[in-house]
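Trainee: I've got a model open and I'd like to learn how to read it feature by feature. Could you walk me through it?

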Amino acid sequence: MAELTAAQHELATLIVESLNLEAIDPAKIDPDAPLFGGELGLDSIDALEIALAVSKRYGFQLRSDHPDNQQIFASLRGLSAFVEAHRAHD
C-alpha cells in the first residue's frame, strides 16, 4: 500500500470524520483503492456527504453533474488530486 501524502491524509481524515467511520484509521486507507464498493463500503449517499464536507472545508463545490465524477471519486488519490487543484487557497 502506498503511503499517503499530507493532502491525502487530511482528506482521508475528513472522510472518516464526516461519515462517522470510527473503525477506519485514515492513515490506513489505500490511496489507490476504490472509495465505493471497496473495503470502506461507501455508497451514493456517502458521496453526497463527502461532497458537502469538501465544500465546507475547501471552499468549492463538487457538483453532481460534473462529467469526471466517476474518475474523481474513484479513489482517495483521484479525489485528493481534484481537491488540491480546485481548493480555495488562503
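Trainee: Which residues of the largest nonpolar core touch the most other members?

Mentor: The general idea comes first: in soluble globular proteins, nonpolar side chains tend to be buried together. Keep in mind as we go that this is a predicted model. Here the largest nonpolar core has 25 residues, and those touching the most other members are Leu11, Ile15, Ile50, Val54, Leu62, Leu76 and Leu79. Helix 1, helix 2 and helix 4 are the elements that give two or more residues to this core.

Trainee: Take Ile50 from that group. What does Ile50 touch, not counting residues up to four places away in sequence?

Mentor: With those neighbours set aside, Ile50 touches Ile15, Leu19, Phe36, Leu42, Phe73 and Leu79. Two of these partners, Ile15 and Leu79, are also listed among the core residues that touch the most other members.

Trainee: On to aromatic rings. How many aromatic pairs are there?

Mentor: A pair of aromatic rings is described by the distance of the centres and the angle of the planes. The count here is two aromatic pairs. One of them joins Phe60 and Phe82, with 6.0 Å from centre to centre and 55 degrees between the planes, which makes the pair tilted. Phe60 sits in the loop between helix 2 (44-58) and helix 3 (69-72), while Phe82 is in helix 4, so the pair ties together parts that are 22 residues apart in sequence.

Trainee: Are Phe60 and Phe82 buried or exposed?

Mentor: Buried, both of them.

Trainee: Now for charges. How many salt bridges does the model have?

Mentor: Four salt bridges are counted. To read one, check which side chains meet, how far apart the N and O atoms are, and where the partners sit. Start with Arg77 and Asp32, whose closest N and O atoms are 2.5 Å apart. As for accessibility, Arg77 is partly exposed at 34%, and Asp32 is partly exposed at 46%.

Trainee: Which residue forms a salt bridge with Glu84?

Mentor: That's Arg87, with 2.8 Å between the closest N and O atoms. Glu84 has a relative accessibility of 31%, so Glu84 counts as partly exposed. Arg87 is partly exposed as well, at 24%. Salt bridges with shared partners join Glu10, Glu84 and Arg87 into one network.

Trainee: And where is Asp65?

Mentor: Asp65 is in the loop between helix 2 and helix 3. The side chain of Asp65 meets that of Arg63 in a salt bridge, 3.2 Å from N to O. The two side chains also make a polar contact, listed at 3.2 Å. Exposed means over 50% relative accessible area, and Asp65 has 53%, so it counts as exposed.

Trainee: What about the serines? Is Ser80 buried or exposed?

Mentor: For any residue, look up its element, its accessible area and its contacts. Ser80 is in helix 4 (residues 76-86), and with a relative accessible area of 6%, Ser80 is buried. Leave out the neighbours within four places in sequence, and Ser80 is in contact with Ala7, Gln8 and Leu11. Leu11 is one of the core residues from our opening topic.

Trainee: Which residues is Ser75 in contact with, leaving aside its neighbours within four places in sequence?

Mentor: Those are Pro31, Asp32, Ala33 and Leu35. Ser75 itself lies in the loop between helix 3 and helix 4. Its relative accessibility is 11%, so Ser75 counts as buried.

Trainee: Last one. Which residues does UniProt list for "domain: Carrier"?

Mentor: The unreviewed UniProt entry lists residues 5-87 under that name. In the model, that span is 52% helix and 0% strand, and its end C-alpha atoms lie 16 Å apart.

Terms used: Residues are numbered from 1 along each chain as its sequence is written. This is a predicted model: local features need pLDDT of at least 70, side-chain atom pairs count only at pLDDT 80 or more; totals for chains, interfaces and linings use all residues. Side-chain values use heavy atoms; hydrogens and water are left out. Helices (H or I, at least four residues) and strands (E, at least two) are DSSP runs, numbered from the N terminus. Buried means under 20% relative accessible area, exposed over 50%, partly exposed in between (1.4 Å probe, protein chains only). Contact means heavy atoms within 4.5 Å. UniProt positions are given in the numbering used here, feature names are shortened, and annotations may be inferred rather than shown by experiment. Rings of Phe, Tyr and Trp (its six-membered ring) pair if their centres lie within 6.5 Å; planes under 30 degrees apart count as stacked, over 60 as edge-to-face and the rest as tilted. A polar contact is a pair of N or O atoms within 3.5 Å; within protein, one must be able to donate a hydrogen and the other to accept it, and residues adjacent in sequence count only if both atoms are side-chain atoms. A nonpolar core is a set of buried Ala, Val, Leu, Ile, Met, Phe, Trp, Tyr and Cys residues joined through side-chain atoms within 4.5 Å.
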